[in-house]
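Student: Please show me the structure, and let us then discuss how it is built.

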Amino acid sequence: MPGITVQLPEELERIIRAYPSDKRYILAMMQDLQKQCNYLPREALEEIARHVEIPFSKVYALATFYKAFSLVPRGKYHIKVCDGTACHIKSSAVLIDQIFNAIAIRPGETSPDGMFSLETVNCIGACAIAPVMVINEKVYSKVSSAGILDVINGIRGDINDNAKSS
Amino acid sequence: MKIIVDGKEIDAVLGETLLGAARRAGIHIPTLCYHESLEGQGRCRLCMVEVNEGGRKEVVASCTYPVKEGIEVTTSTPVIDKIRRNIIMLLYKRATGSPVMRQLFQEYGCPQNSLQENPEERCILCNICVRACEELGSSAISLIMRGTQKRVATPYDEAAAVCIGCGTCARVCPAGAIEMTEKEGIRVIWNKAFAMQACSRCGSYYASREEIAHLTARKPEYVIQSDLCEDCRKRMMAEKIAVFVSE
Amino acid sequence: MTTQNPPDNRKILVCCGTGCQASGSMDVFLAFQNQLHPEPGVTVETYAKATGCNGWCEQGPLVKILPDDITYCRVQAKHVAEIIDKTIKQGELVKKLLYRDPVTKKQVRSHHEINFYKKQHKVALRHIGEIDPASLDDYLAYDGYKALGQAFAMSPADIIDEIERSGLRGRGGAGFPTGRKWRSCAVQEASEKYLVCNGDEGDPGAFMDRSIMEGDPHTVIEGMIIGSMAIGAHKGFIYVRDEYGLAVQNLGRAIQDARANGYLGEDIMGKGWAFDIEIVRGGGAFVCGEETALMNSIEGNAGEPRDKYVYPTEKGLWGKPTIINNVETWANIPVIILAGAEKFASIGSKNSKGTKVFSLVGKVVNTGLVEVPMGTTLREIIFDIGGGILKGKAFKAVQTGGPSGGCIPAELLDLEIDFDSLTEAGSMMGSGGLIVMDEHTCMVEVARYYLHFLAGESCGKCVPCREGIDRMLEILTRICEGHGKMEDLDLLEDLSETLKAASSCALGKTATNPVLSTLRYFRPEYISHIHEKRCAAGVCRSLTTFDIIPEICTGCGLCEKNCPVQAIRGEKKEPHTISQELCIRCGDCFNRCNFGAIKVV
C-alpha cells in the first residue's frame, strides 16, 4: 500500500496478529492497542486494515465510532469523571470545574506537559457511591470538590518525587 | 405476490422492499438516502409509509421493509405527512446551505420556527457517496464519528492514498455537498489534487490518471481506448462502424 | 456483648464488588489473608474470601462473618487486626463497625436485621455476596450446574414450555416474554444458530448486570447453556462493556473453569451436547445495548442498528437465527429450571412474574442494589428499603428506565411497579435504574441532561434521532438558560411524535420519554423557567443566585471550605456571605449546608 513510511513497533504488530484475519476481531485488537499505547496510533490502524483486508477508511470509521478509543495520546494520568445520572444529580459538573481550576484542562483535553487528560464518561456503574471519578484504573468514590484537589496534589507529589529520584 | 398500495393492487416479488415494488409500479414515495443501484439504507426516514398487516397498522421505512403477502399500504396519511414535513425541516435546519433542502423546505410547506439554521452546511448524511465510493471508487471515504458529530470524511481528513479522484461521490450527492473543483487540468477533491488526462482527440479533460489506471486494472475489457473522452470514444466507434458499413 | 462460643470454622466474606473496591476492600481482603495465619494454640480454621457485590455499596467495604452472621460496615484495612483479635479469637463484636439504625439508633449485628435487606427477595442475586466468583467449587456448593443436569433430562420443547409457563419477561428493557422469544427461534431451520448475552449495560444509574457478571458469572453461563439446548445453538457470545474490567475478568475465568471441568465444550457433562461461549468487549457505545446494533458490533461493524422488520430470532448474527437476552434474564433461567415454573410464577404481579433487581441511587439514604418482587410499590423501595430521602429533604421524583424512561412524581409513589405499570405512567422498566430526585433536582435540567446524553450516544444513522434529539436539546438548553418561549413546549411535543414514529431503533423511539414525562408531571417547572426565568431547584446556573440567610447561618464554615472558587467568606461562628462576582452557581454550598441557611434567590 502506498504512503506508509512509519514502521510499526513489533509489539503492536504482535497484538494485532494475535487475532485471526477477520473483521469481527477489530474491536478486540483496538482495545488491546488502546490499553498498550493509551491511544490508537495511526500505523496500528493501517496495520489492522492490512491484516483484516478491509479499507483503511472502514477501520478509521470504527475507531471514531466507539468512545473507548482515542486517536491522540492521552495523559499519563487519565481522569474520567462520571456523568451518569446518579453522579450528575450529585453535582459531577462541579468536579469538572474544579479540575479546570486545578489543571486548566476541559473534557477531551490533555495538559501541555502530557501528565493529565480529562474526559467525562456516561456511568461506570458505581452509582451507589456517586459522584465518582476514575484515574487510570483507580476508582474514587463520593468525591468532593475539596477531595479532588487532594487527589491531584497527591499525584503531583508523586510526579515530583519520581522526577527527583530519577 | 400481490400487495395493495394506495388502493391499487400491484405485483411484488418475495425478498424485495416495499419501496422497490412501489417504484416499479410507478407509485411515488419520496426519498433522500435511496439510490436505485444501492440497497435501501433506512437513514433519512422520508419514505415512511403506513402498513396494514391483517388489521395491525405500523409506520415503516419502505426502503428497508420487505414486502409481505396481503399487506395494504398507504403512502400518505396526516401522520406520515407530518413526519415528512418534520424530517425536511430537520434536514433543512441542519444543512441550510444545501439548495435542495431550501427548495424542499418550501415545497413541503414547513412552518418557520426558532431552531437555528446552519448556512455553512450542505451534507444531509445520506451516505450515498460512501456507498458509491465502495462500489465504484476505492472506499476512500467513510462515515466517521457518531451521533450529532457524524460526518463523511477521509481518514484523518487528509488526502487519502487510495482516492482515485473519480468524482463519483460528488456526482451522486443529492445535496450538492461535495466540493470538486477543476482548473487547468487539475481536479481537487477531498483535499487531494489529481492531474487530469486530456482527450487525445478533442483535448478536453475527462478523467483523472488514477481513475484510468484503476479502471484498467479492474476491468481491462471496458477500457478500449483509454486516451479518449467518452464523447470522442463514442464518435470514434460510430465512425468505425460507418467505415465498416460503407465497405 | 459477646457472640456465642466461637465456632471452629469461620468464613470471612469481604465484599469486593466495584463499589466496595473503590472504598478499599481489596486492601481489607489482603489484610485478612496476610493476618489469618494459624497461631500456636489456636485451633480455628478460618478463611477469607472475596465475594461479589452485596448491593449496599453506600456502607462499603462490607465484611460478613459466618456462621456468626455478623456484618461490619465501612471496614478499612486498619480494622482487620482488631476484627481477628476480638471477633475471630474471642467471639466479641467490634461495635464501632456495626451498622447503626438511623431511626432506632441501635447497633445492628446482622445484615438480616437491617431494613435494606429485610424486605428484599433475592432470586437473580441469590449467590452474590455469598460465593467467591472466582471459584467453580463454591458455585457447585451452592447448587451450581444442578439446573443444567436437570435440563439434560428434558427435551428442548420441555425447557421452552417451562420458561414460558414461568412468565419470565426479558429484564433488559421492553419485557418481551422470554419463552416466546426462544420458541420463535427454536422453530427456525438453520445450519447455525447463535445465542447472545447482552451485558452492554449502559443506562446511566444502573449496575445490576455488572454485579451479576462480577459476582456470579457461572449463573449466566449455566443459563446460556440451558438456552442453547432449548434453541439448538452451539455458539454463544457475551457482549460486555470493556469499562467493566472486573466483570470481563471474572467471566473470562469462569468460562475457562467451566471448559476445564466439562461444563462448556464439545461434550458438556458427558451428555454429548456441544456449546461454547466467547466474550466480546464493547467499545463504549450506549446504542450497542440495542440488539441489532449489538449484533453489528459483534460482526465487526460500527454499532448502527438495523430496522427490525425481520426479527433477530429469524435473521440475527451473520443472518442466522439468534436470541439475545440480557444478563439478569439469563441469571433467572437456572432458578426456573431448578425450582419449577410454578414456584417462580408465584412471585410477582399479574403480568410480570418473578423479581426485579433495581439500582437504587441518587438522593436516597441507602444506595445500592435491591431485588424485590415485581409489583412492589415505589414507596416501599424508596422509603422502607432505601430509608427515605437524604438529609430529610422532600421527595420530588424517581427516574426509571434510564434515558428511555421517564420521571415519576410523588403522586405515583404507591404505584406497584412492573413492566406494564411503568409504561402506562409514561416511563419504562428499562434495565432497572431507580434514580431518586429531591426538591433540589430541576426537572427541566434532568430532561436536558438525558437529551445531552442521547445526543452523544445516538449512532447518528437516522434523521429523526440524530437531528431530532439535537434540536430538542437546543430547545431545552435555551429554556434552562432563560431564553425559552411557550411555543417551544409545542415544538418539543411535535418533534417527539416524529422521533417516536420514525426513528429506526428504540434509542430514538424512546428518547422523548424523559421530556414528555417531565412535561406531563412537572409542566409548571417548565413554565416558571420560561415566564419567571426562575429555577426553583437552584440548578440552572443562568437563572440562579444563591444567598446566605444570616439569621440561620451558624458560621460552621463547611460551605467556605468546599466552595470551588472561594466565593464564600466569613469569620468562624459568624454568618458568611457569598460574593456574587466570584460565584459560579454550582450549588455545592446549597446542597451541602446542614442548616438550610442557603437560599435560591
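Student: What percentage of the contacts in chain C with a separation of 6 or more is accounted for by residues 24 or more positions apart?

Tutor: The model is predicted, with local features needing pLDDT of at least 70 and side-chain atom pairs pLDDT 80 or more, while totals for chains, interfaces and linings use all residues. Residues are numbered from 1 along each chain as its sequence is written, and chains are lettered from A and ligands numbered from 1 in the order in which they are written. Two residues are in contact if their C-beta atoms, placed from the backbone, lie within 7 Å. Among contacts in chain C with a separation of 6 or more, the share from residues 24 or more positions apart is 71%.

Student: Is C:Ile337 buried or exposed?

Tutor: A residue is buried if 20 or more other C-beta atoms lie within 10 Å of its own, exposed if 12 or fewer, and partly exposed in between, with C-beta atoms placed from the backbone. C:Ile337 has 25 C-beta neighbours inside 10 Å, and therefore counts as buried.

Student: Which residues is C:Ile337 in contact with, leaving aside its neighbours within four places in sequence?

Tutor: C:Ile337 is located in residues 327-339 of chain C, helix α13; helices (H or I, at least four residues) are DSSP runs, numbered from the N terminus. Beyond those neighbours, its contacts are C:Ala147, C:Gln150, C:Ala151, C:Glu162 and C:Ile226.

Student: How many residues of chain C are in contact with chain A, and which helix of chain A supplies the largest share of its side?

Tutor: On the chain C side, 47 residues meet 40 residues of chain A. The largest share of the chain A side, five residues, comes from α6(A).

Notes. Helices (H or I, at least four residues) and strands (E, at least two) are DSSP runs, numbered from the N terminus.
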